[in-house]
Each structure stands twice: as structure tokens, then as C-alpha cells.
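Visitor: I should like to learn how to read a protein model. May we go through one together?

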Amino acid sequence: MAQQEDVFKKLVSHCKEYGFVFPSSEIYDGLGAVYDYGQNGVELKNNIKKYWWDSMTLLHDNVVGIDSAIFMHPTIWKASGHVDAFNDPLIDNKDSKKRYRADVLIEEQLAKYDDKINKEVEKAAKRFGDSFDEAQFRGTNPRVLEITEKRDVLHTRFAKALNDNNLEELRQIIVDEEMVCPVSGTRNWTEVRQFNLMFSTEMGSTSDGAMKIYLRPETAQGIFVNFLNVQKSGRMKIPFGIAQIGKAFRNEIVARQFVFRMREFEQMEMQFFVRPGEELNWFAQWKETRIRWHKALGLGDRKYRFHDHDKLAHYANAATDIEFEMPFGFKEVEGIHSRTDFDLSSHEKYSGKKLQYFDPELNQSYTPYVIETSIGVDRMFLSVLAGSYCEEALEGGDTRVVLKLPPALAPVKLAVLPLVKKDGLPEKALEIRNELKFSFNCQYDEKDSIGKRYRRQDAIGTPYCVTIDHDTLNDHQVTIRHRDTMQQERVPVADLQSIIAEKVSLKNLLKQIKS
Ligand code: ATP
């Protein structure tokens with residue numbers, strides 16, 4: 001674990017050093033849980049967004065996009081439940097004065113039990129070798145049974161406390177489990193209190209009666225309130241979806257873990273409208289489609305898992321998270337929710353406008369049910385970086401840090417490097433770069449030794465380096481170096497465009513998702 005935390009620290013400083021992510025307002029000592037994306041970060045982020053957007057709008061005839069405003073009528077947040085119901089249970093440690101989300105603390109405790117069980121299983125697997133029967137071991141080993149029992153009791157108690165919104169019981173669980181504050185190491189806890197996450201501001205001047213409005217805490221509501229606009233203007237037939245990418249704001253209390261939990265972040269959400277009664281079928285289909293989207297990136301299938309929710313939100317009848325193995329454990333990157341007709345019905349009630357769909361096949365009107373897929377751009381960004389970051393030992397005792405980014409997402413696709421800064425090589429290199437720059441994000445670099453230049457490109461995840469040497473001037477061939485294998489091959493300049501396009505285009509990723 002310590003080693004993993006170490007990797008995480010290195011990743012954070014790598015992000016700063018190589019222009020991926022900077023702390024916001026750094027020269028003023030920063031602003032809690034707010035970050036800026038640098039010159040490479042913004043390219044990676046844009047590529048992630050494009051991958052998502054194209055997978056939604058190009059691969060599905062019945063999914064279209066919108067871009068709704070961040071400011072919305074304040075009653076929308078009454079209708080969605082955010083004003084009254086969306087509160088996080090918070091607890092403070094009186095000694096360290098640190099504030100935690102009570103539910104997150106308990107979830108971490110559950111994860112500790114799981115870790116203990118897994119360790120026992122691993123130990124036994126080593127001891128018994130090939131004859132090891134894991135299912136039998138889990139079902140009979142007294143130590144495993146004892147921990148499992150404790151875990152299950154805690155799990156049931158936790159789920160009930162959450163569902164009953166029983167704050168005292170949440171606190172009691174923390175006390176009974178003898179959980180300590182990671183900072184002070186003590187068990188000196190306050191009561192659990194509710195806290196609203198929405199930022200508010202005022203629209204208009206106070207003299208004409210300013211209106212209190214909120215910065216949206218999710219992009220989804222902008223889709224719901226435009227449901228009929230899109231359906232009618234696009235002549236959409238159910239089932240259909242509306243996708244949106246945009247900023248969301250939450251006054252998160254426990255702001256740590258870098259861009260994993262920010263106060264200003266970006267979401268990619270898609271609401272898919274279906275016939276009532278067909279929602280669970282669509283829920284299963286979208287789960288499948290979304291996990292394929294993640295796995296197509298090639299970061300390793302074992303890094304993903306589903307985590308079904310214990311507590312369903314008041315609007316949902318099924319919910320799961322896609323979790324990614326971050327350096328600090330498996331964490332939610334995306335939520336998939338079956339939201340029933342809660343949102344549309346609620347907006348009908350609060351706005352007094354009908355939000356129904358006339359289904360010509362059934363010859364009846366109804367309020368559609370909704371499946372939502374909701375993924376955080378920043379968490380996705382972090383998962384891609386965490387899954388790509390490698391430190392490798394090289395021959396001769398040297399090491400390199402390389403980001404093995406999926407080529408389609410890499411900020412820079414290729415670097416064009418003259419071997420030396422003379423003899424007409426820079427001119428030739430620039431000629432090649434000036435041709436390729438219309439197709440790819442290219443960098444030209446002539447400074448320092450070729451080895452150093454390779455290292456710089458490895459550190460930002462550039463899949464290809466193209467070196468121009470003296471022979472190039474006669475044979476019109478260049479050396480292309482592959483980032484991950486460091487292998488080099490000689491190829492004609494005329495083939496560069498197609499060789500690179502084959503590897504870095506989004507098309508190949510998208511083809512993998514579509515079965
Ligand atoms: P968590 O339980 O971790 O707070 P959540 O369940 O509240 O997350 P959702 O409301 O389902 O999150 O939001 C959908 C997605 O938006 C999440 O899967 C995550 O990727 C992203 N997200 C939510 N809150 C944040 C945040 N504070 N910073 C960055 N991304 C976030």
C-alpha cells in the first residue's frame with residue numbers, strides 16, 4: 001500500500017512537471033480541490049471527451065447531444081431533490097479537526113475486511129498450490145468465516161442506517177467498529193450532521209429582488225428539462241438518448257486525492273429514455289456498452305469492476321458503479337443508474353408542464369423511464385494516467401518514466417526530431433512536420449541529445465518519435481521509434497501518415513466497442 005501511495009505522489013508531481021495538471025491559483029497558495037489543466041492535460045482531456053462523445057453520438061443513431069447552460073431556474077433543484085434531499089453525512093474528529101464523510105469512512109472499513117479475507121485466500125493459495133479450491137476455502141476456513149461474518153453484519157447495519165437516513169446509527173457504527181481518524185489516530189468523534197453540497201450565488205441586483213440560484217451539481221437536469229425540446233425538434237422516437245458534457249460544482253467536504261474529488265469538475269452524462277417496464281433491460285445493456293468503452297482502452301480488464309449500490313437513491317430502482325483500480329484502491333469512475341420516471345414526473349409537478357411522450361406503436365402517452373450513464377471527465381483522466389504511468393529500468397542502469405497512454409488519447413501523437421541541428425536536417429524535419437501537422441498533434445524538437453528528447457516524449461506519452469538523419473536526405477526514409485517497446489524501424493517518409501493514423505485514430509477504439 002505504501003508503495004502504491006508513493007506511486008500516487010509521483011504521479012501528482014509528474015502531472016505538474018509535464019504540464020498536465022496544476023493546482024489552481026498556485027501563486028496565491030492554491031484553492032482547495034480546484035485544479036487547472038496544462039498544455040498536455042487539456043489535450044488528453046479533450047481526447048477523452050471526444051472518445052466519449054463520438055461513442056455516444058456516432059455509434060448510436062438514437063443518441064444526440066446538447067449543451068445546456070450552467071445556470072438554471074432555481075426550482076429545478078427543488079424538483080430534482082438537491083435542495084432538500086442531497087446532503088452528505090459528515091463527521092469531525094475533535095482532535096485533528098478533520099472532517100469526513102461518515103459513509104465513506106464506513107465503506108473504507110468494509111474494504112479493510114475484504115482485504116483481510118483476500119490476504120487469507122492468497123496465503124492459502126500459495127500454501128496449497130495446484131490443489132487449492134478457493135470456493136471451499138472461503139466456505140470453510142474458520143478465520144475467513146469469522147471475518148466474513150463481521151463484514152456482513154457491518155454491511156447490513158450500514159445499508160439499513162443509510163436507507164433510514166439514521167445519522168445516530170452511522171455514528172454508532174463508527175464508534176462500535178473502533179474506527180480512528182487517520183490524522184490524529186483518536187476516536188474522539190462529533191455527531192454526524194447533514195451538509196448541502198450546492199454552491200449558490202445571486203442573479204440580478206438586490207434592489208430589483210435578486211434571485212438565489214445554484215451552480216449545477218450535475219449536468220443531468222439540463223437534459224431532463226430539454227427532453228421535449230429535443231424529442232420534438234429531432235422527431236426522436238423512444239428509446240432515445242441525450243448526451244451532454246459540461247462543468248458541475250459541488251462544495252465537497254473531503255477534498256483530497258487530487259482530481260478524483262474536486263469542487264469544480266466535468267461530467268459526461270447520457271440520459272436514455274425508454275418505455276416504462278423496459279428499463280432494467282436497458283440498464284443491463286448500457287452496463288455492457290459502458291464497460292466495453294472502458295476496456296477498449298487496453299489499460300487491463302482486471303482494473304475494472306462493477307460495484308452495485310447498497311443504498312439506492314430515492315429516484316433509482318437499480319444502480320451500479322464502474323470502479324477503476326486507482327493507486328488508492330478501486331474507486332468509482334462512472335455511475336449507471338435506472339432513474340425511473342422520477343425526474344420527468346417531478347419536473348411535470350413543479351413546472352406544471354406536461355413532459356409526456358406519445359408512443360405511436362402503443363397508441364398511448366406516458367412519462368418515459370430513464371437510464372443514466374454518468375462519468376466524471378477528471379476521474380477518467382486520473383484513471384487513464386494511473387493506468388499508464390510506468391517507471392522502467394533500462395539497459396546500462398538508466399531508468400525512464402513513460403506514460404503508456406492509449407495512442408488515441410495521447411496529447412501529442414508524434415515528435416519529429418532531426419538527429420543533429422545542422423546539415424539541413426532541421427529543414428527536412430520541419431518539412432515533414434509541416435505536412436503531418438494537418439493530421440496529428442505533432443511536436444518538433446531539436447534541443448539536447450536524441451536520448452534526452454526521447455525521454456521527454458516518453459514522459460508525456462507520445463506514441464511515436466520520428467528521427468531524421470543524414471540518410472533521410474537521400475533515401476527519403478526515417479527512423480520511427482515506438483514508445484512502449486522502444487523498437488526502431490526504418491520507414492519511407494511517404495508512409496508515415498498511414499502508419500501513424502492506423503495506431504492513433506479513434507476509429508479503431510470505437511470499432512472495438514461496437515459489437
Ligand atoms: P462519490 O460517491 O465518489 O462522491 P457520486 O456517486 O456522488 O460520487 P455521481 O453523483 O454519481 O457521483 O456523479 C457521477 C460521476 O461524476 C462520478 O462517477 C464521478 O466520476 C464524477 N464526480 C462526482 N463528484 C465528483 C467530484 N467531486 N470530483 C470529480 N468528479 C466527480
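Visitor: What percentage of the 515 residues in the chain do buried residues make up?

Guide: This is a predicted model, in which local features need pLDDT of at least 70 and side-chain atom pairs count only at pLDDT 80 or more, while totals for chains, interfaces and linings use all residues. Residues are numbered from 1 along each chain as its sequence is written, and side-chain values use heavy atoms, leaving out hydrogens and water. Buried means under 20% relative accessible area, exposed over 50%, and partly exposed in between (1.4 Å probe, protein chains only). In this chain, buried residues make up 48% of the 515 residues.

Visitor: How many helices and strands are there in the chain?

Guide: Helices (H or I, at least four residues) and strands (E, at least two) are DSSP runs, numbered from the N terminus. The chain has 17 helices and 23 strands.

Visitor: What span should helix 4 have?

Guide: The expected span of a helix is 1.5 Å times one less than its number of residues. Helix 4 (residues 102-128) has 27 residues and should therefore span 39 Å; its end C-alpha atoms are 40 Å apart, which agrees. Just after helix 4, Gly129 takes a positive phi of about 65 degrees.

Visitor: Which residues of helix 4 are buried?

Guide: Among them are Leu105, Ile106, Leu110, Tyr113 and Ile117.

Visitor: Against which elements do the buried residues of helix 4 pack?

Guide: Contact means heavy atoms within 4.5 Å. The partners include strand 4 (87-92), strand 5 (99-101) and helix 6 (142-163).
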